[in-house]
Structure formats: structure tokens, C-alpha cells
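Open the model in your viewer and keep the selection panel at hand. The stops below are given in the order in which to select them.

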Amino acid sequence: MQAVQFSEHGDRDVIEYGEFPDPEPGRDEVLVDVKAGALNHLDVWTRKGLPGVDLEMPHIPGSDGAGVVLETGEDVTRFEEGDHVAVSAGVSCGVCEFCRDGEESLCVRYSIIGEHQRGVHSERTVVPEDNLVPVPDHVDWEIAGSASLVFQTAWRMLLHRGGLEPGEKVLVLGASGGVGHAAVQIADHAGAEVYATASTDEKLAYAEDCGAEHVINYEAEDFAAEIREHTGRRGVDMVVDHVGAATWRDSLKSLAKGGRVVTCGATTGGNPETDINRIFWNQLSVIGSTMATPGEVDDVLELVWDGTFEPRIREVLPMSEAARAHELLENREGFGKVVVRPDSEL
Ligand code: ZN
């Protein structure tokens, strides 16, 4: 089969689309004919190489994907040939104290398909049954293959970890990115008053389309000052910050007393200057979140399949142009998800 792959870490030119041995499903695994899969910033980090992650080369990237079941291992009970499925990339052990508590994304052996083990951007892939979610036949492949990672991340971060309540004010930074546009939709659906930042007027218009009531161009304005002004100097109850070093201090400045900042990533760097005085005096909470439990994944994807939430598709490319897909992410060109499909599907 053909697969996106790289044999060493590096720049975009390490990415190839070429022959790879056909995968065979184990007892609890499912062989999937891949129709589409989205990229995430994780794919860029994985290509460049992450400290402490030693990959088996060549590595196939891709944490998001969807397709049709071709074959099931003998212990698989939830799926059969012909079913439409989407990948949910979090792999947990099922036996540690956190898994036994139903908190699989806290698993002590947690790993992510595409990051710590081979991903799904190939013509066919083998995925554990536990990492597949059923997809109704009417859902487009681009939608099915691009929702899972960002929507589950935003869902758990805002609702379970952040405890967002109707009527609260929430600021979503980088609202035009994958997690950002999911967070705006989920916060709006939860009944919050949504503030959003992005870098261009076009991206801000998309954020409004997703449900943001107030938008701030962070290239033109000091967003923390704008938030103070818009809220009568009070600040917002929650800031969703996946940007990291570039925004951290202003995120803290944007919070009301007793507010919380939730984070699931740090695309501009993970060691920001912080402000401990502001954290204790204003009694702020800093809350981390990663991926989601299988139950949370089911809940949020149900709302994607029925059209309540919509992953925006920025561009669909053949897998042979995976390097261009990385370029779109790295240059922050456009809005929403970049999807790749096997060349044979296009
Ligand atoms: Zn575990």
C-alpha cells in the first residue's frame, strides 16, 4: 500500500508518499480502508522530533482518520466489514488506577496514535477496536476524518476540566485553529458568552460564524486591554489558551477574579513568563487538559455527526502532497482543518 512516511526527523522534505507493507489486524484490531484524515499541529511536532519520543522508523504520521472496515480481528465485537469508522487517537492501558476510574486520558501509559506509534495517513491502517468510533453513513469523509482530535480535546478542556457554565464569559485564543474553532462552537453551545481572538479580519469573521459574540484582532489590538474594556474591567471567567508563551501573561491579565485558564497545548513555546502575584491575589486556577475519555469522545462526536458542531475544512490534498499540508499548518495559512486523502481516492 501507499503511505505518508518519514525515516528521519527534520524539515518538510523528509516526508514521502510511497510503498509500505500492508498491515494485518491482530485479535483486537480492525483493518480500515482509509478515506480521509486531518492533520494536527502534533503532526508537525512529531515530524520535527519530540524529546523522549523514540519512534520506530519509518514513521507513518496522522492521528485523525476515517474509513471503511475491511476486516476485523477475532476478538472484535463492535464492528463488522463495511462499517464507517473514525479514529480516536488516545491509547490507554485499561488496567492502571486512572483507567479503572474511567479517566483514560490520565492513563500512566497513555500514548497517541500518530505521535508515539504509527499513525493512519496511509491507504489502509490497523487500529485497536477501542480506538474506533462508529460514523453514520451520511457523514462526509472529510468531516468524519477531521473532528476527533480537536473536538474531543476542546470538549474535555472546556466542560469536564474547565467546568464551563451557561452565562459565563470565555475567551478563546487562536480561534481560527483546529482546537480554537472547536472551542468556540462548544462554548457557544454550552451557553457561554464567547470572546475570540485571531490574526486577520477574515479569520475573525469565521470565528463569529462559529459562535463568537466579540472578536479581537490580536495583531492590531492588545487583547487583554480589549477584554478589560469590553467587560467593564471585570475580565472573563475562563481563557482557553493553546498558544502558550506568546499569550500566557495576557491570558492571566484577561481573567476575572477567581477565573481559570485552561490549556491543552503551547504552539509558541511551553515555558512562558508567568505572574504568580496575579495568580494568588486574584485566586486564579491554571488547568491542564489532554485528549478525552472514550465516553467524552462519544458525546462530542455524536454532536458532530448530527451537524451541531462542524469541523471547517480548510483544504483537501492528496497524501502525496502531505508536505504542502504541513506547510499550511506551519504558516498558519487559512482557517480550519487541513485534510489529506489517499491519491487513489481523488
Ligand atoms: Zn491506564
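Predicted model: local features only at pLDDT ≥ 70, side-chain atom pairs only at ≥ 80, totals over all residues.

Residues are numbered from 1 along each chain as its sequence is written, and side-chain values use heavy atoms, with hydrogens and water left out.

**Zinc site**

Select the zinc ion with C93, C96, C99 and C107; the SG atoms of these cysteines are its protein donors, lying 2.3 to 2.4 Å from it. Donors are N, O and S atoms within 2.8 Å of the metal (3.2 Å for Na, K and Ca), and because water is not among the atoms, sites may look incomplete. The angles among the four donor atoms are 102 to 117 degrees, and the site is tetrahedral (four donors with all angles between 85 and 135 degrees). Along the chain the donors follow the spacing C-x2-C-x2-C-x7-C. C96 is in the loop between β6 (90-91) and α2 (97-100), and C107, eleven residues apart from it, is in the loop between α2 and β7 (111-112). Helices (H or I, at least four residues) and strands (E, at least two) are DSSP runs, numbered from the N terminus.

**Helices α4 and α10**

Next, select residues 148-161 (α4) and 294-305 (α10), whose axes come within 9 Å and cross at roughly 115 degrees. Axes are lines fitted to C-alpha atoms, for helices over the stretch in contact, and angles run from 0 to 180 degrees between N-to-C directions. That makes α4 roughly perpendicular to α10 (65 to 115 degrees). To see the contact (heavy atoms within 4.5 Å), show S148, F151, Q152, W155, R156 and H160 of α4 with E296, V297, D299, V300, L301, L303 and V304 of α10.

**Helices α1 and α11**

Move to residues 41-48 (α1) and 322-330 (α11), which pack at an angle of about 110 degrees with their axes 9 Å apart. That makes α1 roughly perpendicular to α11. H41, D43, V44, R47 and K48 of α1 meet H326, L329 and E330 of α11.

**Backbone details**

Select M57 and P58, which are joined by a cis peptide bond with omega of about -5 degrees. P58 is found in the loop between α1 and β4 (66-72).

Finish at Q283, in the loop between α9 (276-281) and β15 (285-288). Q283 has a positive phi of about 55 degrees, although it is not a glycine.

Technical notes
Parallel < 35°, antiparallel > 145°, perpendicular 65-115°, else oblique. Tetrahedral: all angles 85-135°; square planar, octahedral: opposite > 155°, others 65-115°.
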